[in-house]
Amino acid sequence: MRKIKYFRSLKFNFAVMNIHEYQGKAILGGFGVSVPGGIVVDEVMKAEKAALELRKKTGATSWVIKAQIHAGGRGKGGGVKLALNLEEVKKHSGNIMGMQLITPQTGPEGKKVNKVLVQQDIYYPGNSPIQEFYMSILLNRSTGRNIIVYSTEGGMDIEAVAEKTPHLIFKEEIHPAAGIQPFQARRIAFNLGLEGKAFKEMIKFVTALYRAYIASDASLIEINPLLKTSDDLIYAADAKVTLDDNALFRHPEYEGLRDLNEEDPSETEASKHNLNFIKLSGNVGCMVNGAGLAMATMDIIKLSGGEPANFLDVGGTANAQTVEAGFRIILQDPNVKAILINIFGGIVRCDRVAQGVVDAYKSIGAVHVPVIVRLQGTNAQEAKSLIDNSGLEVFSAVSLQDAADLVRKSV
């Protein structure tokens with residue numbers, strides 16, 4: 001499943017929690033969204049038992065074995081297989097579980113599969129043609145309203161659909177106070193070309209899906225494919241659900257859904273220190289306070305010929321301890337060739353940040369990459385004196401241009 005242009009900005013929405021497909025479907029099912037029967041297993045020996053249980057509950061005679069990792073494109077990497085009998089259930093489960101699954105979203109290193117979802121096959125023959133659609137719900141940041149994005153071209157690379165056949169992408173914006181209206185659900189079903197029973201089922205599906213999005217405080221719900229079966233039922237054949245981290249205090253039951261094995265260790269470590277950190281693939285580490293300044297700093301790095309290795313916002317209450325923690329996390333990345341610390345002292349005092357840099361430098365020992373520090377604002381002069389008189393190989397910058405020039409020399 002892939003993000004299209006309407007929600008590419010989610011890449012820099014740091015307050016989100018990704019969950020597995022089976023967990024997302026459990027949440028959706030709790031709000032009346034139709035999802036296929038499925039059982040997650042973490043051992044190959046349990047897969048056949050799960051298939052038999054699904055046969056008893058749903059009448060399934062074939063199953064789909066799906067790798068559970070936090071990445072899309074699993075089918076292209078061999079992480080989704082159809083099992084026509086119990087022997088194939090065991091075979092595919094054994095092949096998928098434990099594999100290092102490489103998809104377009106995992107990078108070349110891939111991700112290890114620790115669990116598989118054994119799901120009933122809903123692509124069964126019948127009197128009506130099977131159809132695949134696409135649907136997602138997210139916030140349209142330009143209007144401040146939630147938007148339902150949907151298409152008749154489900155199961156495909158939705159970005160390619162948006163680029164090559166934009167007329168097949170539909171949007172329905174929802175008024176935040178009124179919520180989704182019956183006429184909007186009917187319009188969605190109509191635009192998808194449905195009629196009769198399938199039309200009514202889609203109305204119920206869309207209404208329940210939007211209710212789930214709001215009630216769960218989701219940042220994104222993406223269904224691809226959204227399936228119309230041969231007997232005109234509507235199912236979320238696949239599901240990506242991203243939850244808003246900032247709203248977890250309202251949903252303590254969701255906290256246990258976090259899978260630390262699927263998260264970057266450095267990001268997990270940063271969260272322990274209340275640092276907003278996202279690992280990227282560049283060569284210049286950066287530590288900043290404030291998301292806007294962080295984005296500007298990343299632009300400076302790119303304009304200087306480098307690539308940002310991370311996003312790290314230490315926040316407005318940074319102290320020597322949090323700065324040291326951030327410094328250590330950045331240095332864990334072997335790709336980092338230089339570090340740029342760019343702090344504007346509004347609430348946070350620059351001298352505290354400078355002291356944190358000095359303490360971290362001394363505590364860590366040998367630091368084999370250039371460290372460039374630009375501190376402006378509250379106690380900036382004191383901070384510069386601390387850096388300049390520390391005796392450490394730390395380069396002090398006054399202006400953004402100074403910082404850019406030092407980055408350029410470092411990389």
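Helices (H or I, at least four residues) and strands (E, at least two) are DSSP runs, numbered from the N terminus. This is a predicted model, in which local features need pLDDT of at least 70, side-chain atom pairs count only at pLDDT 80 or more, and totals for chains, interfaces and linings use all residues. Residues are numbered from 1 along each chain as its sequence is written, and side-chain values use heavy atoms, with hydrogens and water left out.

View 1. The protein holds 411 residues, and 50% of them are buried. Buried means under 20% relative accessible area, exposed over 50%, and partly exposed in between (1.4 Å probe, protein chains only). A contact means heavy atoms within 4.5 Å. Of the contacts with a separation of 6 or more, 69% are between residues 24 or more positions apart.

**View 2. The largest nonpolar core has 38 residues.** Such a core is a set of buried Ala, Val, Leu, Ile, Met, Phe, Trp, Tyr and Cys residues joined through side-chain atoms within 4.5 Å. Leu28, Met135, Ile148, Met202 and Leu209 have the most contacts inside this core. Elements giving two or more residues to it include α1 (21–30), β8 (131–140), β9 (145–151) and α5 (182–191). The largest share, ten residues, comes from α6, the helix that spans 196–215. Apart from this core lies another, of 33 residues, with Ala270, Ile339, Val353 and Val394 among them.

**View 3. Met135 is one of the residues with the most contacts inside the largest core.** Leaving aside residues up to four places away in sequence, Met135 touches Ile148, Val149 and Tyr150, among others. Ile188, Leu192, Met202, Val206 and Leu209 also touch Met135. So do Ile221, Glu222, Ile223 and Leu226.

**View 4. Helix α1 is mostly covered.** Seven of its ten residues are buried. They are Glu21, Tyr22, Gln23, Gly24, Lys25, Ile27 and Leu28. Just after α1, Gly32 takes a positive phi of about 90 degrees.

**View 5. Gln68 lies in the loop between β3 and β4 (80–83).** Is Gln68 buried or exposed? Gln68 is buried, because its relative accessible area is 2%. A polar contact of 3.2 Å joins its side chain to that of Glu21. A polar contact is a pair of N or O atoms within 3.5 Å; within protein, one must be able to donate a hydrogen and the other to accept it, and residues adjacent in sequence count only if both atoms are side-chain atoms. A polar atom of the Gln68 side chain also lies 3.3 Å from the backbone oxygen of Lys66. Not counting residues up to four places away in sequence, Gln68 touches residues including His20, Tyr22, Val40, Arg74 and Glu262.

**View 6. The second largest pocket holds about 450 Å³ of space.** On a 1 Å grid over the protein atoms alone, a pocket is an open set of points where a 1.4 Å probe fits, with protein on both sides within 12 Å along at least five of seven lines; lining residues have an atom within 4 Å of a point. Grid points are joined across faces, edges and corners, and the volume is the space filled by probe spheres set on the points. The lining has 23 residues, and Lys66, Val80, Asn224, Pro225 and Asp238 lie nearest the centre. β3 (63–67), β7 (116–120) and β11 (218–228) each give two or more residues to the lining.

**View 7. A cis peptide bond joins Asn224 and Pro225.** Omega is about 10 degrees there. Pro225 sits in strand β11.

**View 8. Asp217 and Asn379 each have a positive phi without being glycine.** Asp217 has phi near 55 degrees and lies in the loop between α6 and β11. Asp217 is buried, with a relative accessible area of 17%. Asn379 has phi of about 60 degrees and is found in the loop between β18 (371–377) and α12 (380–388). At 26% relative accessibility, Asn379 counts as partly exposed.

**View 9. Val314 lies in the loop between β16 (310–313) and α10 (320–331).** Val314 is buried, with a relative accessible area of 5%. Not counting residues up to four places away in sequence, Val314 touches Leu275, Met287, Val288, Asn289 and Ile343.
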